[in-house]
Amino acid sequence: MRRLCVIVVLLGVYPLLLITALWPSPLWFAAVAVVSYAAELVAPRSFLAVLSKVHLGATLRFTIREMAALLLVARTAGADSPWFVALAAGLFAMHGVRAVQTGLAVRLRHTMAQMPVTTRNIDVSELRIPPEPPEFLTNYRGVRFLYLDALPVLGAAVSATAGAAGAGVALLLGLAGSAALLPYVRRAEPLTNAAWVLEVVERQVRAYEPEVVLYFSGVPQGAYQVRMWLGTMERVGRRTIVVLRERGIAELLGPTSLPVVCIPSSADLMGFHALSSARLCLYVANVGKNIHMLRIQGMRSAFIGHGDSDKEASFNPFSKVYDEVWVAGPAGRDRYLRAKVGVRDENVHEVGRPQLDGVSHVGPALPYMTVLYAPTWEGWTDDLYHTSLTTMGPRLVKALLERGVRVIYKPHPLTGHRDKAARRAGKKIVAMLESANLANAKARHPSSGGAGPRVTHLIVAGQQPHLYECFNEADVMIGDISSVVSDFLASGKPYAVTNVSGMPARAFAERYPSSEAGVLIGRDLEGLDVLLDGPDTLAEARRKLRTYQLGPDYPDAMTRFRTSVERAFEGW
C-alpha cells in the first residue's frame, strides 16, 4: 500500500505543479514542489526504471518542475522581467554544468572499471591509483546534482529575484562539483594505458613467485565458492595466488592474506606470464571461463569444487577436462564411478574437507532446541531443483515455530537467482521469523509479566555468521540435497533431509547416500516429529556415513590436502 501511495503521489504532483503555476499560488506551488522532491527520493527504483523506459526519466521530470517554476515567475513577475530571464538562463546553464560533471564522473568510473587487472594484497603503489572521490561526486547519473534545482524552484515560489538567486547559487555549486572531480580524473588518466598497468602488476606477481593458483569465475552471489577455500590455502604451505575473472568479486572475498588478481580478459590472462612459476591450479566451480586457464601450459589442474554433495554438479561430465578431481571421501569417488562421466578412477583423490576442522560435536546447550534450516537454491535447471523452499519451506518453519524451538534460517546465497517463487518463499520465512521475534520480545517485556527463557530466531542473510558457525549453534539440522548435509556430518549431530520429489524412502537413500543416516521429511512434513521428539537411533549410522562422505579422521583433512598439493610438485 505504501509503495502504491508513493507512485500515485509521484505521478500526481506534476500536473499540480503546472496548475499552481498557471493559476499562480506560490504557497501551494512550494508545498507541491517539496512533496515532489520527497516522492522522487522514496519512489521504488523499479518504478523509476519503468518511467525511464517510457521517456519520463529523471532529467525530464526535473525539467518539468523547472518549467513550472518558470511559468510561475512569468505569471507573477512577467516574462519581460529581467529576473525571469536570469532564472531561465540559470536553469539552462545548470544543465550544461551537470552534463560536464556527469561526463567527468563517467570518465573516471570508466577508467577505474576498465583497468585490465585489479589486485588485493599486492604492492601496486607504482600505479598511483587515486583514492575514491566522495560518492555524491561520482554518481554517474548526476541525479544528486539534479536536486540543486530545488534552490531556484523553491526560490521562484518566494519571488522572481529569489528564484534567479537560487539558480545562481545552484550553478556555482555545480561548477564546484565539476572542479572537484578534475584532479581525480587527471590522476586516473595514466591507468588508461592497459599495457603499462599489466606490466606493473605482472612484475609484482613475478617477484612473489606463486606456486599454486586458486581460480574462480562466477556471479557475485557465488563468491562463497572460492571464499570457503581461502583459509585452507593460507595454511597449505605453498605460495598461493587467487585468480578471479569477474570485476567486483575481490571485494566479496572477505579478509584474506593471499594475493589476489582479477583479470577479466581471456587474452590478458593467457598472456600474464607471471603465473608461469605456478605448478598447480585449483578450480572451485565448473564454468566456461575455466577453459582460458586450462589452456595455459605448465600447470597441473585439479577440480576441488565447493562442497561434496549428491547433486549432479558433484559428478559433472565437465570434470574430465582436469588432470585430477579432488573429493572429500570415498563417497565422492563412488559418485564418479557410478556416473561414468569419463573421470578416470586413478585421477580421483580423496583430500577431506579441511574447512570443517572447527565444527563442534555438541550443540549450544540452551534450555530449548535449536534447529538450523539450511535449504539449497533452485539450481540452474529443473533437473537440479532440490530446494524445499517452494514445496514446504514456509510450512516447515511454521511447524517449527509452533513447537517452540529456536530456528536459524540460512538460505543458499543463490536463492531466488532463477526462480522467483523461491525468493518469495524465502521472504515469507523471514517475515515469519521476524514476527516471532517481535512477539517473543513483547512477551518478555516486564509490563507483560512474562517469564522464562527468550527464544530469538536468527536469519542469516549475509556472510556472517558463517555456515559452520551456524552448525555449532544448532542441535539438529534440516537441509536439502546439497553439500550442507555432507558438511553437517562432521558435527555428528542429528539431521534431516527434505524429500521434495516424493520418492520412496529406499529409492531416495539409494540415489542420495548422504541422506542414509538422517530423517527423511516429506512434503507433508512427515518425519518432523521423529526428528524433534523421537529417540536418536542413528548416531552410529552418522559416524559411519561421516567417514564415507568426508574421509577418515586420521590423518586429518588438512594433512591429506597438503599431501595432494605436494604430490603435484613431484617430478618438477
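Predicted model: local features only at pLDDT ≥ 70, side-chain atom pairs only at ≥ 80, totals over all residues.

Visitor: Which residues does leucine 181 touch?
Guide: Leaving aside residues up to four places away in sequence, leucine 181 touches Gln101, Leu104, Ala105, Leu108, Pro133, Leu137 and Thr138. Contact here means heavy atoms within 4.5 Å.

Visitor: What is the mean pLDDT of the chain, and where is confidence lowest and highest?
Guide: On pLDDT, the predictor's confidence in each residue from 0 to 100, the chain has a mean of 90, and 96% of its residues reach 70 or more. Confidence is lowest in helix α6 (residues 143–146), at a mean of 75, and highest in strand β3 (residues 240–244), at 98. Helices (H or I, at least four residues) and strands (E, at least two) are DSSP runs, numbered from the N terminus.

Visitor: How many aromatic pairs are there, and by what rule?
Guide: Rings of Phe, Tyr and Trp (its six-membered ring) pair if their centres lie within 6.5 Å; planes under 30 degrees apart count as stacked, over 60 as edge-to-face and the rest as tilted. By this rule the count comes to 13 aromatic pairs.
Guide: One of these pairs is formed by tyrosine 37 and tyrosine 147, at 6.0 Å centre to centre and with 45 degrees between the planes, and it is tilted. Tyrosine 37 belongs to helix α2 (residues 26–42) and tyrosine 147 to the loop between α6 and α7 (150–158), 110 residues apart.

Visitor: Why is the pair of tyrosine 283 and tyrosine 322 called tilted?
Guide: The ring centres are 5.1 Å apart and the planes stand at 45 degrees, so the pair of tyrosine 283 and tyrosine 322 is tilted. Tyrosine 283 lies in strand β5 (residues 280–283) and tyrosine 322 in the loop between β6 (300–303) and β7 (324–327), so the pair ties together parts that are 39 residues apart in sequence. Ring pairs also link Tyr215, Tyr283, Phe303, Phe318 and Tyr322 into a cluster.

Visitor: Why does tyrosine 283 count as buried, and what of tyrosine 322?
Guide: Buried means under 20% relative accessible area, exposed over 50%, and partly exposed in between (1.4 Å probe, protein chains only). Tyrosine 283 counts as buried because its relative accessibility is 1%, and tyrosine 322 counts as buried at 5%. Tyrosine 37 is buried too, with a relative accessible area of 7%.

Visitor: What makes arginine 65 a charge over the ring of tyrosine 37?
Guide: A charge sits over a ring if NZ of Lys or CZ of Arg is within 6 Å of the ring centre and within 35 degrees of the ring normal. The charged end of arginine 65 sits over the ring of tyrosine 37, 4.0 Å from its centre. That charged end also sits over the ring of phenylalanine 62, 4.7 Å from the centre.

Visitor: How do you know that cysteine 281 is in no disulfide?
Guide: A disulfide is a pair of cysteine sulfur atoms within 2.5 Å, and the structure holds 0 disulfides. For cysteine 281, the nearest cysteine sulfur, that of cysteine 262, is 15 Å away. Cysteine 281 counts as buried at 1% relative accessibility.

Visitor: Why is leucine 41 called exposed?
Guide: Leucine 41, in helix α2, counts as exposed because its relative accessibility is 61%.

Conventions: Residues numbered from 1 in each chain as written. Heavy atoms only, no water.
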